[in-house]
Amino acid sequence: MTGSEKFFIFTALFSMYEEYGMERMKEYIIPMEDALEMILIYGRTGEIAYANVAARTKLEYGEELTEKNISDIFPGTFRIVGGEVETAYPYGQETRNLVAYRKNLTCFPVEARILKREGTDIYLCMANDILEKEYLSREVEQVREEARQALKVKSEFVANVTHELRTPVNGILGNVRELADHVTDDHTIKALRLIERCCGDMNKIINNILDFSKLEAGKFTLEPRRFHFRNMLDYVKSHHLNKITEKGLGFFMTVSPQVPEYVIGDELRIVQILNNLLSNALKFTSVGKITLEVIRTARVNDRIELFFLVKDTGIGVDKGDKEKLFRSFSQVDASISRKYGGTGLGLNICKQLVELMGGTIEVESEKSKGSTFSFSIWTGVCEEDKDTLSQTDDQKISLTPGAGEEVDGVKTFGMQENIRTLQRNLSKLILCVEMDNWEKAEMFMETIRQLTDGAPREVSRKVLRLKMAIQKENYEKTAAEFKELEALIGEQIKGA
């Protein structure tokens with residue numbers, strides 16, 4: 001029963017009390033006898049005229065309760081002055097915490113509402129015993145505090161242990177490198193290089209555990225600064241290129257011209273995310289290629305959203321297992337950990353770092369057909385680069401011809417020439433998909449991507465999703481994404 005319903009019922013009861021008195025009113029008040037909350041009715045002198053079963057039981061007065069005064073039940077709230085009850089309690093629907101006293105003068109907390117009927121001296125008090133609620137609240141708070149303390153102790157312990165582990169590992173690493181410079185025996189050098197590699201892996205695990213403990217404890221902070229974005233990507237590329245090519249894989253990296261040269265962000269943590277995703281791509285890919293793509297998808301004042309795609313042709317994962325990837329200490333299955341190694345912390349750390357930078361991370365994957373990790377982050381734009389960035393937004397772009405067709409430079413998304421060219425390329429793209437010519441479809445897709453530079457964020461995101469579906473040669477996904485993109489572009493044209 002709602003509060004308004006109760007108020008209506010008791011207003012009617014007050015009217016009966018005035019007209020027929022207490023005895024006649026009891027005939028109608030029986031349904032309220034079994035209410036779980038305590039119900040008391042009293043007059044201007046404070047004398048209790050009615051108390052239901054809950055009130056008689058909890059206050060331990062029994063039938064004697066109707067001989068008592070409201071000031072006996074709530075002595076801290078009510079007092080009798082000149083034969084009338086006096087209180088600072090605000091009458092109405094609002095609940096307040098009061099202290100109720102039992103017959104033996106012990107007390108307990110209640111949530112109470114006291115209503116007064118206009119034009120009368122009749123008052124209705126409805127109160128709930130919250131003793132158990134308060135006790136449980138204290139218990140919950142105590143458990144939370146103990147959990148906070150336990151987490152703090154655990155974080156400090158992990159931090160201390162990882163720092164202590166780093167010292168002997170670095171000591172071994174330094175001695176191995178020094179020893180390798182003086183050894184000429186191939187077998188010994190091979191063994192030393194293996195030890196060196198193991199020490200490097202151990203340091204990565206230590207760093208992951210330390211970062212994870214900081215993130216869990218809420219003590220992790222970003223350190224944004226101005227840095228050269230493409231130089232950062234070149235560093236990431238050089239770090240992975242040799243290992244990828246040694247494995248016989250192709251490595252391709254593309255950066256949209258809309259991405260500025262300099263941005264403001266935590267360069268070290270962006271590198272950490274990319275290194276983790278590229279290392280995973282290398283670890284789980286035996287044949288094929290690895291691709292890194294960076295696109296600017298949105299700009300708000302002096303902030304831009306950068307969208308990263310890391311695609312591989314590796315082992316992939318089932319749809320049902322994708323959620324496990326970003327959980328801490330989690331692998332898709334135990335055989336993954338045994339065969340490929342790892343702690344299961346890397347992707348969880350990436351997820352938390354991406355979220356700290358205001359973005360999200362997702363994965364599209366299919367068993368035995370590879371994976372595509374995509375994440376977005378927000379970075380700042382340097383004051384001196386804002387004019388250049390605005391010019392880049394407005395300038396004409398020279399499009400790569402698609403399928404042998406010459407395409408003149410046209411302005412970015414929204415111009416009439418652009419719309420006509422975009423619609424032509426969309427039609428040709430879906431025709432290529434229907435003919436199972438994925439290579440040519442990918443060529444048209446690149447043209448479409450360039451034509452939608454500067455489009456609203458939802459269009460840019462949908463273009464990326466369509467591109468990912470085409471790269472995977474997934475007909476159903478491509479058809480669905482194509483229809484959504486076509487509809488979205490139609491809405492944008494109508495809105496313009």
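Helix axes are lines fitted to C-alpha atoms over the stretch in contact, and the angle between two of them runs from 0 to 180 degrees between N-to-C directions. Helices themselves are DSSP runs (H or I, at least four residues), numbered from the N terminus. The structure is a predicted model, in which local features need pLDDT of at least 70, side-chain atom pairs count only at pLDDT 80 or more, and totals for chains, interfaces and linings use all residues. Residues are numbered from 1 along each chain as its sequence is written, and side-chain values use heavy atoms, with hydrogens and water left out.

Helix α8 (residues 267-283) packs against helix α10 (residues 346-356) at an angle of about 145°, and their axes lie 10 Å apart. The crossing of this pair is left-handed, a term applied if the near helix is turned anticlockwise from the far one by less than a right angle. Contact (heavy atoms within 4.5 Å) joins R269, Q272, I273, N276, L277 and N280 of α8 to G346, L347, I349, C350, L353 and V354 of α10. By class, this contact comprises 7 nonpolar, 4 polar and 1 charged residues; Ala, Val, Leu, Ile, Met, Phe, Trp, Tyr, Cys and Pro count as nonpolar, Asp, Glu, Lys and Arg as charged, and the others, Gly among them, as polar.

A second pair is formed by helix α13 (residues 438-451) and helix α14 (residues 457-471), packed at an angle of about 165° with axes 10 Å apart. That angle makes α13 roughly antiparallel to α14, the term for angles over 145 degrees. The crossing of α13 and α14 is left-handed. On the α13 side the contact is made by W438, A441, E442, M445, E446 and R449, and on the α14 side by V463, L466, K467, I470 and Q471. This contact has 6 nonpolar, 1 polar and 4 charged residues.

R449, located in α13, counts as buried because its relative accessibility is 11%, buried meaning under 20% relative accessible area with a 1.4 Å probe and protein chains only. Residues up to four places away in sequence aside, R449 touches S256, E293, I295, V463 and K467.

Helix α14 is largely enclosed by the rest of the structure, since 11 of its 15 residues are buried. The buried residues of α14 are V459, S460, K462, V463, L464, R465, L466, K467, M468, A469 and I470. At 1.5 Å a residue, the 15 residues of α14 should span 21 Å, in agreement with the 21 Å between its end C-alpha atoms; the expected span is 1.5 Å times one less than the number of residues. After α14 comes E473, which has a positive phi near 55°.

Key
Helices (H or I, at least four residues) and strands (E, at least two) are DSSP runs, numbered from the N terminus. Angles under 35 degrees count as roughly parallel, over 145 as roughly antiparallel, 65 to 115 as roughly perpendicular and the rest as oblique. Buried means under 20% relative accessible area, exposed over 50%, partly exposed in between (1.4 Å probe, protein chains only).
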